[in-house]
Amino acid sequence: LISPDRSGTALTEQVEGNLQVMRPSSVALRIDKVGQTMFYVGSNDESYWWFDLGDEKVAYIGRLENATPEKAQRMGVPVHPLDLPDLLGLTPLPAESDAAWPPRVVRSADNRRIGVEAPARWGMKRLWLNPSTYAIEAVELYDEAGVIAAVADLSNHAGVRVRGDAISR
C-alpha cells in the first residue's frame, strides 16, 4: 500500500486485505497491518463508508447518490465508492449491450500491454492487459479532467470461482 502521510510524503506499507464483493454495489474491504485492522471501507445499494482505525480513529459515512469527488478525497480515496472493484480489476469489461461498447483499445508506449478504456463514474478507467494471458496487470482511474486519480498495479493472479456463474473466473 502506497499512500501519502499528513505532510504529503508517500508511505509504503506491507498490508494484507480481505475483500468481499457482491455485484453490483456491495463491497467490503478490510486492510490489516501486522494483524491489526487499519481501514474498513465498503458500500451497499444506498450507502458507502470508510473507517480509519489507525492512530486517530475516524468514520465517514455517506449516501451513494450524494457521493462527490470532494467527499471521496476527504476520505483519502480519490475514486467513486462503487469504482473500487474497478481499481482492483474485478469489474467485467463492457458487454456489447452496454452503452460503453465498444471500449477504446490502445497499446502501451513499449507495446507490452493492451489498454482497454471505458467510462467510470467520475471519468474514465483504463485496464492494462497482458496480451498473452489477458490478465489485468494495472488499472488507472481518471477524473473528469482526464487526470489520473488512482493507479493499481496487479500481480500474483489467482483464479476464484464466481458463485452462480460457472464461466467467470
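Phe39 has a relative accessibility of 16% and counts as buried, because the cut-off for that class is under 20%. The model is predicted. Trp50 is likewise buried, at 12% relative accessibility.

**Aromatic pairs**

The structure holds two aromatic pairs. In one of them, the ring centres of Phe39 and Trp50 are 4.9 Å apart, and the pair counts as tilted because the planes stand at 45°. Phe39 belongs to strand β5 and Trp50 to strand β6 (residues 47-52), so that the pair links distant parts of the chain, 11 residues apart.

Tyr40 and Phe51 make up an aromatic pair too, with 6.3 Å from centre to centre and 20° between the planes, and this pair is stacked. Tyr40 is in strand β5 and Phe51 in strand β6, so the contact ties together parts that are 11 residues apart in sequence. Tyr40 is partly exposed at 30% relative accessible area, and Phe51 is partly exposed at 29%.

**Strands β3 to β5**

Strand β5 (residues 36-43) runs antiparallel to β4, and seven bridges join the two. Between β4 and β5 lies a hairpin with two residues between the strands, where Val34 takes a positive phi near 50°. On its other pairing, strand β4 (residues 26-33) is antiparallel to strand β3 (residues 16-22), over seven bridges. The hairpin of β3 and β4 has three residues between the strands.

Leu29 can be followed through both pairings. Leu29 of β4 is the bridge partner of Leu19, and in β5 the bridge partner of Leu29 is Val41.

**The sheet β8 to β12**

Five strands form an open antiparallel sheet in the order β8-β9-β10-β11-β12. Its edge strands are β8 (104-107) and β12 (148-153), each pairing on one side only. From one strand to the next, the twist averages 20°. Within this sheet, strand β10 (residues 123-129) and strand β11 (residues 136-142) run antiparallel and are joined by six bridges.

**Salt bridges**

Side chains of opposite charge can pair when their charged atoms come close. The whole structure contains eight salt bridges.

| Pair | N to O distance |
|---|---|
| Lys125 and Asp86 | 3.3 Å |
| Glu137 and Arg113 | 2.9 Å |
| Glu117 and Arg126 | 2.4 Å |

The salt bridge of Lys125 and Asp86 joins strand β10 to helix α2 (residues 84-87), so parts that are 39 residues apart in sequence are tied together.

The salt bridge of Glu137 and Arg113 links strand β11, which holds Glu137, with the loop between β8 and β9 (114-120), which holds Arg113; the two residues are 24 residues apart. Arg113 is partly exposed, with a relative accessible area of 26%.

Glu117 and Arg126 have their closest N and O atoms 2.4 Å apart. Glu117 counts as buried at 8% relative accessibility, and Arg126 counts as buried at 16%. Both residues also belong to a network of salt bridges that links Arg104, Glu117, Arg126 and Glu140.

Key
Residues are numbered from 1 along each chain as its sequence is written. This is a predicted model: local features need pLDDT of at least 70, side-chain atom pairs count only at pLDDT 80 or more; totals for chains, interfaces and linings use all residues. Side-chain values use heavy atoms; hydrogens and water are left out. Two strands pair if DSSP finds at least two bridges between them. Helices (H or I, at least four residues) and strands (E, at least two) are DSSP runs, numbered from the N terminus. Rings of Phe, Tyr and Trp (its six-membered ring) pair if their centres lie within 6.5 Å; planes under 30 degrees apart count as stacked, over 60 as edge-to-face and the rest as tilted. Buried means under 20% relative accessible area, exposed over 50%, partly exposed in between (1.4 Å probe, protein chains only). Axes are lines fitted to C-alpha atoms, for helices over the stretch in contact, and angles run from 0 to 180 degrees between N-to-C directions. A salt bridge is a side-chain nitrogen of Lys or Arg within 4 Å of a carboxyl oxygen of Asp or Glu.
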